[in-house]
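Subject: Structure for you to look at, with notes on salt bridges and domains

Dear colleague,

I am passing on the structure below, and my notes on its charged pairs and its domains follow. Please read them with the structure open beside you.

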Amino acid sequence: MLVYIDGAYLSPEDAKISVFDHGLLYGDGVFEGIRCYNGNVFMLDEHLERLYDSAKSIMLEIPIAIDAMKHNVLETLRRNQLREGYIRLIVTRGIGDLGLDPEKCPNPSVVIIADRIQLYPEKYYEDGLEIVTVSVRRNYPEAINPRVKSLNYLNNILAKIEAKQSGAVEALMLNNDGYVVECSGDNIFLVKDEIIITPPSHIGILEGVTRNTVISLAHEAGFQVEERVFTRHDIYIADECFLTGTAAEVIPVVKLDRRVIGEGKPGIVTQKLIAAFRHLANNFGTPIFACEEKE
Ligand code: PXG
């Protein structure tokens with residue numbers, strides 16, 4: 001395996017970041033998780049745009065242009081001969097002193113790791129997940145905006161710990177006002193009377209690339225999609241519920257807080273969207289091994 005760090009392709013043993021990097025000291029940095037399917041990188045431009053937007057929001061200047069970053073992602077996949085996999089793209093604030101001041105970190109670091117993907121068991125897609133609401137609230141947007149995909153993921157990790165302690169795979173998180181926002185690493189949707197509903201990005205969610213893709217696919221399939229606030233109660237009485245994320249793709253949820261959702265099995269709308277998503281992911285994207293990279 002070869003890991004890209006600041007222009008060099010290094011073996012895993014040599015792929016190291018300083019203990020003085022503020023990414024380690026403070027979680028000061030941004031990242032992306034990207035998939036490649038069948039030799040094509042899925043939604044690469046969308047992920048890169050979100051990376052650069054996250055960096056802009058925290059006043060982190062990424063040292064290379066977006067085109068060069070795109071080239072480096074594709075080159076990392078080529079050097080690792082991966083046609084199917086997961087890419088972790090990280091930009092840290094870089095090496096500074098032990099104080100908080102990011103101005104003492106003149107050189108942000110870029111890391112690209114390409115690896116095989118650990119897929120969720122197929123059983124989850126066939127039977128659906130059981131999730132629980134956790135007491136940890138999603139970050140207040142005026143403190144750390146969840147739209148920034150930052151290296152500081154403690155909020156989500158605390159939610160995940162609480163969910164696992166209750167025997168659930170994913171944690172449903174609420175915002176400070178008690179509205180449903182998202183899960184620890186996935187966005188959430190419900191289906192009621194054939195209308196697909198998901199929280200709007202301003203109430204404190206990561207605006208997922210998979211979420212946005214699923215909204216487009218749902219529109220194309222003729223469904224009405226609404227981005228609006230709702231509560232846990234709306235999920236309890238929904239016909240269907242599902243999560244979206246780069247790793248999970250589209251995954252059905254059949255129970256929330258021990259309440260059975262709808263008929264307690266993956267619903268028809270969810271199944272249609274899973275099929276549409278899989279078709280798109282396997283047939284479109286930025287080719288890794290093309291002679292000419294597309295502009
Ligand atoms: N919300 C949050 C908080 C996320 O971290 C998503 C939604 C889905 O976004 P995309 O763009 O992937 O559709 C994420 C995804 C994990 C894991 O292990 C998840 C994410 C990052 C790293 C690990 O579940 N992000």
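**Salt bridges**

There are 16 salt bridges in the structure, where a salt bridge is a side-chain nitrogen of Lys or Arg within 4 Å of a carboxyl oxygen of Asp or Glu. Please keep in mind that this is a predicted model, in which local features need pLDDT of at least 70 and side-chain atom pairs count only at pLDDT 80 or more, whereas totals for chains, interfaces and linings use all residues. Residues are numbered from 1 along each chain as its sequence is written, and side-chain values use heavy atoms, with hydrogens and water left out.

One of these pairs is Glu122 with Arg278, whose side chains meet in a salt bridge at 3.8 Å, N to O. Because Glu122 lies in helix α4 (residues 122–127) and Arg278 in helix α8 (residues 268–283), the pair ties together parts that are 156 residues apart in sequence; helices here are DSSP runs of H or I with at least four residues, strands are runs of E with at least two, and both are numbered from the N terminus. Glu122 is partly exposed at a relative accessible area of 40%, and Arg278 is partly exposed too, at 29%; buried means under 20% relative accessible area, exposed over 50%, and partly exposed in between, with a 1.4 Å probe and protein chains only.

A second pair is Glu182 with Arg138, in which the closest N and O atoms are 2.6 Å apart.

Asp257 is buried, with a relative accessible area of 12%, whereas Arg232 counts as partly exposed at 32%.

**The two domains**

The protein chain is divided into domain 1 (3–115) and domain 2 (122–281), with bounds that come from an automatic or database domain assignment. Their centres, taken over C-alpha atoms, are separated by 26 Å, and the contact (heavy atoms within 4.5 Å) takes 24 residues from domain 1 and 18 residues from domain 2.

The area buried between the two domains is about 1,600 Å², of which carbon and sulfur atoms give 66%; buried area is the accessible area, with a 1.4 Å probe, that two parts lose on being put together, summed over both. Phe31, Phe42 and Arg50 supply 38% of the area that domain 1 buries against domain 2, more than any other three residues.

How many salt bridges does the rule find across the interface of domain 1 and domain 2? The rule finds one there. The side chains of Glu249 and Arg35 also meet in a salt bridge, at 3.2 Å from N to O, and Arg35, Glu122, Glu249 and Arg278 are linked in a network of salt bridges.

On the side of domain 1 that touches domain 2, α1 (22–26), β3 (29–37), α2 (44–57) and β5 (85–92) each supply at least two residues, and the largest share, eight residues, comes from β3.

With best wishes
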